[in-house]
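Hi there,

Here is the structure I promised to pass on.

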Amino acid sequence: MKNILITGGAGFIGSHVVRLFVNKYPNYNIYNLDKLTYAGNLNNLKDLEKAPNYTFIKGDICDFEMVLQLFQKYNIDSVIHLAAESHVDRSIKDPFSFAQTNVMGTLALLQAAKHHWLTDNANTEANLFYHVSTDEVYGSLEMDGTFFTEETKYDPHSPYSASKASSDHFVRAFYDTFKLPIVISNCSNNYGSYQFPEKLIPLFINNIRHNKPLPVYGKGENVRDWLFVEDHASAIDLIFHKGKRGDTYNIGGFNEWKNIDLIKVIIKTVDKFLGREPGTSESLITYVTDRAGHDLRYAIDSSKLNKELGWEPSLQFEEGIEKTVKWYLENQDWLDNVTSGEYQKYYTEMYK
Ligand code: NAD
Ligand code: TYD
């Protein structure tokens with residue numbers, strides 16, 4: 001029996017992690033704490049509404065008193081912390097909310113965990129604070145075939161990655177200072193169902209469908225390393241159960257794509273599913289001003305996770321992208337609900 005607090009479970013990756021844990025571990029109680037910002041959408045978890053081992057709690061991770069009460073009320077023994085502001089472009093416009101949620105929110109959770117586990121209820125064997133982070137904390141690579149490893153020095157460039165790096169440092173500081181049992185994973189770019197359509201892949205699928213321009217930043221030459229979101233969730237499951245306390249694990253599928261090449265694959269796949277002539281939608285490509293401070297290349301070396309815990313991704317990229325395109329085209333209602341803002345009105349009313 002475990003009582004796990006998952007934060008940010010109504011978001012993209014969080015909803016996949018919640019689904020995996022609720023379905024795979026009927027003897028675990030899963031408490032999903034989410035503020036339901038623009039990125040949180042309970043439609044992502046409709047299939048779990050009646051699951052007996054699942055509870056949703058609307059709340060802000062920055063609210064220390066409330067978080068501490070949750071630890072006490074539900075006797076929380078583990079945390080999987082995903083709640084964050086997650087979009088680089090938004091962090092350039094509004095860095096304050098990134099520092100607030102990503103840094104102060106993480107700190108509030110750490111303090112509550114420390115208070116409950118190390119003061120009230122000392123049984124650290126059963127406890128784990130799992131912090132979900134990103135490869136963006138490592139900065140940017142040249143086009144030289146090198147990778148981010150667990151030893152790569154932190155060198156964040158965007159307000160988003162700076163806030164995530166800071167939160168990682170706080171998590172590690174709680175391990176070093178208080179022996180709080182922690183583990184951190186740093187994952188590459190995710191793709192798959194339920195991703196908010198401000199991120200490259202769902203935005204472009206939706207725009208192609210509606211014959212809208214595809215805004216390619218700069219020359220489209222930046223490189224990202226893409227992992228299917230369910231493979232990220234399976235890595236989190238493994239690290240949660242088998243990861244060494246105090247360690248960091250990099251997660252990635254050795255799957256680098258130059259943006260423009262990836263965009264052409266998306267166009268080809270969407271055109272195929274929509275019965276358009278191959279390449280029809282390439283005319284939608286529109287080169288726009290580059291993102292400020294745009295990191296050139298991310299590439300994760302996940303061999304530690306493979307060697308020590310035996311993890312490997314389940315899907316080839318071609319299969320993953322087909323599945324993903326198909327999902328967005330078949331779930332136009334989900335997309336329309338998000339782009340119109342309807343999802344927020346409904347759940348805001350319900351959880352007032
Ligand atoms: P997302 O933006 O889709 O979801 C974030 C969730 O957190 C939303 O449900 C939102 O409502 C919730 N949230 C935000 N502020 C909150 C607060 N103050 N209190 C409670 N809940 C709050 O993000 P995502 O893409 O699913 O990313 C989840 C985590 O994984 C983040 O920590 C992110 O840094 C990390 N990550 C993401 C990627 C990626 O490619 N998306 C890759 C590696 C790591
Ligand atoms: P994004 O999905 O925002 O993820 P991240 O910035 O965290 O890597 O962007 C992926 C890549 O696509 C990144 O190099 C920026 C680029 N991009 C565009 O060219 N156009 C867009 O409209 C968006 C959203 C991203």
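Predicted model: local features only at pLDDT ≥ 70, side-chain atom pairs only at ≥ 80, totals over all residues.

Let me start with strand E6. With six of its six residues (182-187) buried, E6 is largely enclosed by the rest of the structure.

What does E6 pair with? Strand E5 (residues 128-134) runs parallel to E6 and is joined to it by six bridges; in this pairing, Phe-129 has Ile-182 as its bridge partner. E6 also pairs with strand E10 (residues 248-251), again in the parallel sense, over four bridges. There, Ser-185 stands opposite Tyr-249. If you follow the chain through helix H5 (residues 159-178), you will see that E5, H5 and E6 make a right-handed β-α-β unit.

Three strands, in the order E7-E9-E11, form an open sheet with mixed pairing. Strands E7 (189-191) and E11 (256-258) stand at the edges with a single partner strand each, so one side of each is left without a neighbour in the sheet. From one strand to the next, the twist averages 50°.

Within this sheet, strand E9 (residues 223-228) and E11 run antiparallel and are joined by three bridges, with Asp-225 opposite Glu-256. Helix H7 (residues 229-242) lies across E7 and E9, and runs at about 70° to E9.

Happy browsing, and do write back with any questions.

Best wishes

Note on methods:
Residues numbered from 1 in each chain as written. Chains lettered and ligands numbered in written order. Heavy atoms only, no water. Buried < 20%, exposed > 50% of the residue type's maximum accessible area, 1.4 Å probe, protein only. Helix = DSSP H or I, 4+ residues; strand = E, 2+ residues; numbered from the N terminus. Pairing = 2+ DSSP bridges. Right-handed = clockwise from strand over helix to strand, strands pointing away. Axes fitted to C-alpha atoms, helices over the stretch in contact; angles between N-to-C directions. Contact = heavy atoms within 4.5 Å.
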